[in-house]
Amino acid sequence: MKLSSLSTSEIRRRLGSNGLRLSLAGFEISICTSLPQLTDGLSLLYADYPLGAEDGFTDFQITIDAPSLSRRLIRPQVNFACNGFFPFKPLPIGQAFAMFEWGLNWVIANHCHQFAIIHSAIVEKGGKGLILPGTPGSGKSTLCAALVCKGWRLLSDEMTLISLKTNEIHPFPRPIGLKNNSIEIIQNFGDGVVFGATIGDTAKGNVAHMRPPRTSIDASQITASPFAVVFPHYQPNSKLNFEPISKGETMMKLAENCFNYPVLGVDGFHCLTNVADRSFGRSLSYSKLDDAIAALDKLFCDVQP
Amino acid sequence: MTPKPHPLILFLRNPRTAIESLSLSDWSQLICAARRGHLLSRVAHLARFHDRQNSLPEKVRPHFESALRVAESQRRNVLWEITEIHRTLKPINIPFIVLKGGAYILMDYEAGVGRLMSDVDIMVPQAYITDAERALIENGWFPGKLNSYDQRYYRTWMHELPPLHHLKRGTSLDVHHTILPPTAALKPDVTQLWDKAQAPGTKDGVFALAPADMILHSATHLFHDGEVEHGLRDLVDIDSLLTQFAKDDKFWTQLTQRAAELDLSRPLYYAFKCCRIFLETAIPDNAVQASKTAGNLNGAATRVVVYLLTSSIGAILTKGKHQTLATSLAKFLIFVRSHYLRMPMYLLIPHLTRKMLFANKER
């Protein structure tokens with residue numbers, strides 16, 4: 001059963017009582033809220049996700065609500081809690097859905113050290129994973145969304161989860177968060193893409209979320225193997241530049257982008273060296289999405305591992 | 001206590017039985033409460049140790065694997081931090097005692113396995129505290145931003161420096177010179193703690209408290225610091241220390257006598273009571289009685305304090321919004337009590353009034 005099979009009133013009822021239980025790529029999440037902003041966002045962007053298993057196990061309990069009664073009325077705010085713990089300061093109520101997305105990323109990055117967690121987008125084609133690490137503003141989410149529009153499978157636009165046992169990549173597909181100009185670029189780039197409401201004035205500017213393709217959600221139990229680690233860099237009016245980088249540099253840059261590298265110790269080192277060793281390392285600077293995608297397609301079609 | 005104990009309590013009392021009997025929904029509740037109480041890594045360690053039949057549910061395993069990694073990285077960090085503190089204080093010949101979680105890890109005690117902590121606590125002799133502070137600041141441990149009132153509060157009335165944070169590593173360090181503030185009604189003699197301190201042996205000038213003193217310090221901390229969020233974790237520490245060291249009657253006698261010597265019979269009695277109630281720790285009746293008599297705890301007020309302590313420690317077992325008014329009140333009273341125990345009224349009332357009036361501004 002998927003979320004889309006529930007009526008809006010049933011979704012609202014569950015969110016307002018014991019929690020709406022969703023199964024997100026193997027994580028059982030329960031969500032409680034009384035805020036309509038979040039209800040609308042979830043109904044639209046999480047429509048294709050399965051409802052949580054009925055065995056009573058929940059990995060993470062998330063509550064998003066006004067911090068106090070007064071904050072419902074005057075300059076309303078919203079607060080994110082996981083298992084009763086509040087990791088952030090409250091945000092204006094209009095940012096409820098964005099806060100849920102950021103909060104859930106925080107939850108996974110801070111509690112799932114069975115994985116090496118790389119701050120990167122990750123897409124897949126033919127079982128081969130393309131890891132796109134990037135500092136904010138490098139354009140990783142935009143490139144990721146564009147690749148997904150061209151039929152690549154979305155594993156995540158925010159974090160690559162690499163199993164420390166198998167060194168394989170576990171998908172965690174979620175709505176793709178896009179900022180400012182990227183929102184319009186992707187709305188015009190893909191056919192039939194669905195976007196949630198644009199949320200203005202966040203710490204990152206305007207933010208909107210693109211619904212992940214159903215095929216990516218349905219395949220979220222299928223792992224991918226690391227094949228290429230590409231560091232994107234969007235540079236307006238530049239020519240495409242797609243250059244190999246050494247295994248050593250690839251490894252060091254992966255470690256820099258690994259949220260939980262300090263926690264993992266030597267196991268994290270072994271995992272990331274393994275990934276760097278099996279992957280093509282490239283730096284990619286581009287101004288046109290089509291050029292970047294063509295170069296990546298060529299890398300994935302031409303070269304056999 | 002509720003008729004059916006919380007799954008986390010069942011697990012802590014008897015991990016082996018719990019592993020065989022808990023349902024998936026129980027495990028979910030257990031993990032959630034253990035996270036809130038900073039106990040998940042401890043639970044994960046106990047589960048790994050006691051899961052003989054390999055019967056932990058699949059869905060539970062990743063949480064425990066993750067929690068064990070967190071504990072392992074904390075262990076590395078704490079030992080490294082102790083090395084760095086030693087490197088800083090050794091050249092100027094200042095000895096230090098590692099307290100609480102850091103000490104359990106340093107001494108390789110069972111209580112240290114899976115013990116989470118947010119900062120390292122050390123004690124230096126009061127005569128050296130200014131030199132120690134200067135040396136630590138020169139080596140990268142910086143005091144956080146405090147206004148002049150808070151600075152003065154710490155320096156005049158408290159038993160520790162304002163918390164220090166290492167600029168590069170981001171670690172926190174609390175430097176104490178005794179285990180209770182000079183204003184507190186109970187006045188343990190800190191030189192007696194130094195006399196019995198044990199050296200782990202690898203580094204000159206690094207010490208831990210003697211086992212009995214560790215138990216007494218943990219009990220004191222639990223009941224005088226007002227940090228009941230860590231209450232259950234502190235009880236788990238005490239339970240583990242008692243299990244490791246109380247192998248014979250002699251230890252119980254030593255412990256209760258030591259408590260009397262140090263003027264800490266009251267916290268020891270409350271620790272005994274709470275360990276029995278929550279964890280069913282095996283504590284001989286005559287030890288409980290000895291601490292009760294020495295602490296002069298025979299009135300009805302004692303029962304009220306035990307009730308308040310158990311309700312506030314038990315608060316982590318229920319989720320925030322489900323906490324009853326009684327629990328919140330109990331937590332508040334314990335907070336007030338912890339201050340009252342630390343300060344006489346003529347200091348406490350102006351302090352709390354100021355904190356209340358300026359709460360928002362200073363936050």
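This is a predicted model: local features need pLDDT of at least 70, side-chain atom pairs count only at pLDDT 80 or more; totals for chains, interfaces and linings use all residues.

Student: Okay, helix α6 of chain A. Which residues are buried there?
Tutor: In α6 of chain A, residues 181–189, the buried ones are Ser182(A), Ile183(A) and Ile186(A). They span an arc of only 105° around the axis, so they sit on the same side of α6(A).

Student: And what does the face turned away from the buried side carry?
Tutor: That face of α6(A) has the exposed residues Asn181(A), Glu184(A) and Asn188(A).

Student: What do the buried residues of α6(A) pack against?
Tutor: They pack against α5 (140–149), β11 (176–179) and β13 (205–210) of chain A.

Student: Switching to strand β7 of chain A. How many of its residues are buried?
Tutor: Five of the six residues in β7(A), which covers 128–133, are buried.

Student: Which way do β6(A) and β7(A) run, parallel or antiparallel?
Tutor: They run antiparallel, joined by six bridges. Ile122(A) has Ile131(A) of β7(A) as its bridge partner. Two residues lie between the strands of this hairpin, and Gly126(A) takes a positive phi near 60°.

Student: What about β14(A) and β7(A), parallel or antiparallel?
Tutor: Those two are parallel, with four bridges. Gly129(A) has Pro226(A) of β14(A) as its bridge partner.

Student: Last topic: how many residues does each chain put into the contact?
Tutor: Chain A puts in 16 residues and chain B 19 residues. On the chain A side, helix α9 (residues 261–264) gives the most, with three residues. By class, that side has six nonpolar, nine polar and one charged residues.

Notes: Residues are numbered from 1 along each chain as its sequence is written. Chains are lettered from A and ligands numbered from 1 in the order in which they are written. Two residues are in contact if their C-beta atoms, placed from the backbone, lie within 7 Å. Ala, Val, Leu, Ile, Met, Phe, Trp, Tyr, Cys and Pro count as nonpolar, Asp, Glu, Lys and Arg as charged, and the others, Gly among them, as polar. A residue is buried if 20 or more other C-beta atoms lie within 10 Å of its own, exposed if 12 or fewer, and partly exposed in between; C-beta atoms are placed from the backbone. The arc is that of the directions from the helix axis to the C-beta atoms. Two strands pair if DSSP finds at least two bridges between them.
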